[in-house]
Amino acid sequence: MLVLSIHLSSLARVDDFKGLFDLLEVRLKEDLSLEQEQQLLALKVPVLLTLENERLLARDWKLLPDIVDLSWDVSPAAIVTARAAFPNALLQGSYHSTGHRHEDFPLLLKDILEKGFDAAKIACATESTVEVISLLSFLKKYAGTARLTCVPMGETAQYGRVLAMTMGSYLSFCCLPGCPTAPGQIDIATMHAIYAASSISANTQRYALIGEHVAGSPSHRTHTKLMRTFGVDGLYVKIPVHKEEAAAVLPLLSSLGFSGLSITTPFKEMYGVSPTPVNTVKCNDAAIETANTDAPALIDALSQHLSLKGARVLLLGAGAVGMASAQALSAAGAELFVYNRTFAKACHLTSSVGGTPLAEETLQEKTHYDIVVNTTAAHFSSSFPQQLSTLPLSFWGVQLAAEFAFPSKTPFLQAAAAQGVRTISGTELWARQAAKQFRWWCNIDEEKAFDFLKEELSCRLQW
């Protein structure tokens with residue numbers, strides 16, 4: 001059940017969202033006025049009453065809530081009083097912590113239920129992805145045994161709140177826009193517009209983007225909508241992962257029942273099988289399959305404009321995306337030249353896939369290239385973009401420049417366009433590789449998925 005959690009001062013705004021939630025949570029530390037109680041009664045919505053002060057139980061209540069939430073460690077007398085005051089309500093025992101060993105969760109659930117509560121809520125501040133997954137794993141295992149709600153708290157754990165809805169959490173909490181009542185709450189408009197909250201169930205397939213720098217990706221806004229549009233009961237979230245927990249996260253997510261994962265920096269090489277980096281994972285029961293859709297997306301985009309067979313291609317960057325691109329370009333028959341700030345990395349790449357490594361001093365020499373592809377993270381640097389913006393593309397006779405980067409207008413692409421060179425933005429490459437992922441994961445038509453993503457992004461990014 002989706003719960004809208006509010007401060008009493010926000011009661012007047014609830015009408016705007018009626019029909020989008022199952023329960024209205026009213027949190028009380030102090031007594032509410034008769035006028036406020038009458039306002040609640042007039043709303044005619046199911047109510048979850050959270051009493052943070054057990055002395056409020058002795059009040060003469062006109063309100064008849066469906067659920068009454070008390071701290072799990074209240075006295076036995078308080079539970080008896082609550083039963084008498086609200087004989088038709090479920091009593092929920094809530095545990096809130098700034099940190100808790102996940103091995104203790106089953107014992108904690110047992111203690112709450114043995115105290116006489118009808119339901120249990122366990123909310124924990126989490127500091128890592130592994131902690132969030134541990135809480136969700138506990139939820140998935142025990143949700144069928146009790147009315148159990150689990151809430152990973154914190155701004156970086158928001159994805160866990162959405163995923164809990166797919167794992168049997170009895171309640172899921174959201175707030176009014178701009179009015180969170182707990183750390184990391186997602187507002188009700190976002191829950192419906194981005195995550196299709198009313199359609200999420202235990203049957204919903206789970207997908208995610210994982211990496212260290214996922215905040216800038218628009219995938220949480222586009223991918224769930226794409227699946228729903230094409231008839232797939234799916235949910236897509238972004239999960240930030242620290243380097244030190246990367247090795248543990250992939251098998252843990254697979255064990256949680258994820259159907260597919262998008263992999264971004266810096267884990268493409270870690271999860272790949274050398275020398276091919278990975279950006280896509282498909283999970284089938286215990287089996288994990290991997291693929292790379294970055295390179296095929298690049299080949300498709302370039303081939304729309306030029307034949308790659310015999311084309312002279314300058315590849316900037318020898319990291320994970322550069323490695324995958326080099327393999328694909330060589331396989332397509334291109335004559336490859338590779339520049340990397342660390343010359344040894346360019347040499348290593350070309351020794352694996354063929355091509356010519358270039359030293360920095362050669363970048364201004366008179367030569368000829370048909371295509372230049374930037375796979376570096378230059379757009380994140382304060383100095384390297386200036387170097388890219390001075391490349392003599394028109395002097396080289398370059399016809400096409402492409403770059404794996406958001407936003408679309410980077411210094412490199414702007415410089416290319418100023419020199420009369422046709423450009424392919426990272427936005428287009430991102431949409432193409434995502435369309436390939438969804439063809440593999442969900443059997444969604446690739447061209448239709450690509451067109452859909454272009455349309456979605458056109459409202460948000462300059463194509």
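N53 touches L28 and K29, leaving out residues up to four places away in sequence. This picture comes from a predicted model.

**N53 in its loop**
- N53 lies in the loop that runs between β3 (47–51) and β4 (67–71).
- Its relative accessibility is 14%, so N53 counts as buried, the limit being under 20%.
- The side chain of N53 reaches the backbone nitrogen of R55 at 3.0 Å.

**A435 in its helix**
- Helix α15 (residues 426–442) holds A435.
- Is A435 buried or exposed? A435 is buried, because its relative accessible area is 0% and buried means under 20%.
- Beyond its neighbours within four places in sequence, A435 is in contact with E446, A449, F450 and L453.
- A435 and M167 stand 268 residues apart in sequence. In space, their C-alpha atoms are 27 Å apart.

**The cavity**
- Rolling a probe the size of a water molecule over the atoms shows where empty space is left.
- The structure has one cavity of 30 Å³ or more.
- The volume of the largest cavity is about 50 Å³.
- Which residues line the largest cavity? They are C150, V151, R161, A164, S169, L171, S172 and F173.
- By class, that lining has five nonpolar residues, two polar ones and one charged one.
- Strand β7 (147–153), helix α5 (158–164) and strand β8 (172–175) each give at least two residues to the lining of the largest cavity.

Note on methods: Residues are numbered from 1 along each chain as its sequence is written. This is a predicted model: local features need pLDDT of at least 70, side-chain atom pairs count only at pLDDT 80 or more; totals for chains, interfaces and linings use all residues. Side-chain values use heavy atoms; hydrogens and water are left out. On a 1 Å grid over the protein atoms alone, a cavity is a set of points where a 1.4 Å probe fits but cannot get out, and a pocket is an open set with protein on both sides within 12 Å along at least five of seven lines; lining residues have an atom within 4 Å of a point. Grid points are joined across faces, edges and corners, and a volume is the space filled by probe spheres set on the points. Helices (H or I, at least four residues) and strands (E, at least two) are DSSP runs, numbered from the N terminus. Ala, Val, Leu, Ile, Met, Phe, Trp, Tyr, Cys and Pro count as nonpolar, Asp, Glu, Lys and Arg as charged, and the others, Gly among them, as polar. Buried means under 20% relative accessible area, exposed over 50%, partly exposed in between (1.4 Å probe, protein chains only). Contact means heavy atoms within 4.5 Å. A polar contact is a pair of N or O atoms within 3.5 Å; within protein, one must be able to donate a hydrogen and the other to accept it, and residues adjacent in sequence count only if both atoms are side-chain atoms.
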